[in-house]
Amino acid sequence: MKNRVREYRTAAKMTQQDLADRVHVSSRTIISIEKGQYNPSLMLAYRMAQVFGVSVEVLCCLAENMREEDKRYEDL
Amino acid sequence: MKIYNKKGMVWGVFWTVLGALRLVLLVTHPEEQVFQSIKGFVFGIVLLTIGLSGFTRAFSRRATREDLIRENDERNKLVKLKTKARVNDVMFCVMVMLLAGGVIGYYQTDNIAWAFLAFAPILQMIVYVWSSIFVSIYYEHRE
């Protein structure tokens, strides 16, 4: 799943460890989220969104991801 | 001094005592072979280090927070679950192969030893199937 965590984190001049400390996870989790290898839980996504002052919808590109998911089902 | 991680402290004490006991035993009942003594000494030191580290970390707020994050990290939990699931799949395959090997070997050679090779996997597979049925029923109702 696409997300804009890296974009917002770099804009906020935070390191991955800084963000990890703020949202109570390991820095490895932040790395995986930024690479799109791991999808965060609702609570973690909300925590990160709060840190950056944006909505979960924007941070996790929910509209875009939903469109892509729908497309996968339509292409079946 | 405040204890932030009681569980960590208990484990720290446990490993420290175990390591210390190993070292004390090495002194009171020395091994005959030098290699065994060295192995025992290294083992004792490792246990003592793990124990003392766990013990001291229990009194540190920062270390306890790090331990808590590592323990409750959602990705770590997922990795652990996936690892267990994959290991389970591998073990099941091994059981099936042992079972097949045992049955084929028995029919080919008529040697009872092959049947015994198949016997343990059969028991394990019965337990596996029944426990997976009950566990899945449990989680179907709970989750």
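Surface patches are made of residues with over 30% relative accessible area and no salt bridge, nonpolar side chains (Val, Leu, Ile, Met, Phe, Trp, Tyr) being joined within 5 Å and like charges within 9 Å. The model is predicted, so local features need pLDDT of at least 70 and side-chain atom pairs count only at pLDDT 80 or more, while totals for chains, interfaces and linings use all residues. Residues are numbered from 1 along each chain as its sequence is written, and side-chain values use heavy atoms, with hydrogens and water left out.

In chain B, a nonpolar patch of about 1100 Å² includes B:Ile112, B:Phe116, B:Trp130 and B:Ile137. B:Ile137 belongs to helix α5 (residues 112-142) of chain B, helices being DSSP runs (H or I) of at least four residues.

The two chains also meet. Six residues of chain B are in contact with eleven residues of chain A, where contact means heavy atoms within 4.5 Å. Between them, chains B and A bury about 770 Å², 46% of it on carbon and sulfur atoms; this is the accessible area (1.4 Å probe) lost on being put together, summed over both. Zero salt bridges are counted between chain B and chain A, a salt bridge being a side-chain nitrogen of Lys or Arg within 4 Å of a carboxyl oxygen of Asp or Glu.

Within chain B, salt bridges link B:Arg57, B:Arg62, B:Glu66, B:Asp67 and B:Arg70 in a network. B:Asp67 pairs with B:Arg57 at 3.0 Å and with B:Arg70 at 3.2 Å. B:Asp67 and B:Arg70 are three residues apart in helix α3 of chain B, and are therefore separated by about one helical turn.

Note on methods:
Chains lettered and ligands numbered in written order. Areas by Shrake-Rupley, 256 points an atom, 1.4 Å probe, with all protein chains shown as cover. Helix = DSSP H or I, 4+ residues; strand = E, 2+ residues; numbered from the N terminus. Buried area = accessible area lost by both parts, 1.4 Å probe.
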